[in-house]
Amino acid sequence: MLTCSFVINQNRNVIATFTSSPSLVVTVVGTGSVSAGSGAISGCDSTGVNCSGSYTLNSSVTLTATIPSGYSVAWSGACSGSNSTCSVTMNSSKAVTATFTINSYSVTINSATGGSASSSDATVTSGGSATLTAVASTGYTFASWSCTGGGTLSSTTTNPTTLSNITAN
């Protein structure tokens, strides 16, 4: 409580001014966490612990997502986008949701003349695996696999026409 004291020897008008302390509530969906550059929001995760705080009116709060390897974040509510940080202007109470999802990668098999190739899965999540199989047409023999997009092919099998446990990273 704050007080204002003065001597009353004439009529006085006294004004008490109040400012709001808007609250910020963060909801986390999936595997990951969010912290604010200041205030009570620290290590907020899907359990809901440390996920709200009051801030000075019109202050700017920067939220930072800690994104696990192989995951992505999408912001909604008072934030939008997919960067690891977002800023919220606290001109009123706000709510933000950070949704963490595991990344998925497509497996596209292209076969040249002389055979066919297939994958056990068309889409593989980060850290997941697929089995690739090549079948040579009559009069052809399998020569090799090649990989585009900066990856390499390795396998847990010794049969060169079947690659299994190919890991998406």
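This is a predicted model: local features need pLDDT of at least 70, side-chain atom pairs count only at pLDDT 80 or more; totals for chains, interfaces and linings use all residues.
**Chain as a whole**
- Of the 169 residues in the chain, 22% are buried.
- The accessible surface comes to about 10800 Å², and carbon and sulfur atoms account for 49% of that area.
- When contacts between residues at least 6 apart in sequence are considered, 49% of them join residues at least 24 apart.

**The four-stranded sheet**
- An open sheet with mixed pairing is built from 4 strands, which follow the order β3-β1-β7-β5.
- Its edge strands are β3 (52–54) and β5 (71–77), each of which pairs on one side only, and from one strand to the next the twist averages 20°.
- Within this order, strand β1 (residues 23–29) runs parallel to β7 and is joined to β7 by 6 bridges; V25 stands opposite A95 in β7.

**Residue N103**
- N103 is placed in the loop that lies between β7 (94–102) and β8 (104–106).
- Because buried means under 20% relative accessible area, N103 counts as buried at 19% relative accessibility.
- Leaving aside residues up to four places away in sequence, N103 touches G70, Y71 and S72, together with V124, T125 and S126.
- With S72, the contact is also polar, since the side chains of N103 and S72 make a polar contact at 2.4 Å.

Technical notes
Residues are numbered from 1 along each chain as its sequence is written. Side-chain values use heavy atoms; hydrogens and water are left out. Helices (H or I, at least four residues) and strands (E, at least two) are DSSP runs, numbered from the N terminus. Buried means under 20% relative accessible area, exposed over 50%, partly exposed in between (1.4 Å probe, protein chains only). A polar contact is a pair of N or O atoms within 3.5 Å; within protein, one must be able to donate a hydrogen and the other to accept it, and residues adjacent in sequence count only if both atoms are side-chain atoms. Contact means heavy atoms within 4.5 Å. Two strands pair if DSSP finds at least two bridges between them. Axes are lines fitted to C-alpha atoms, for helices over the stretch in contact, and angles run from 0 to 180 degrees between N-to-C directions. Accessible areas come from the Shrake-Rupley method with a 1.4 Å probe; for residues, only the protein chains shown count as cover.
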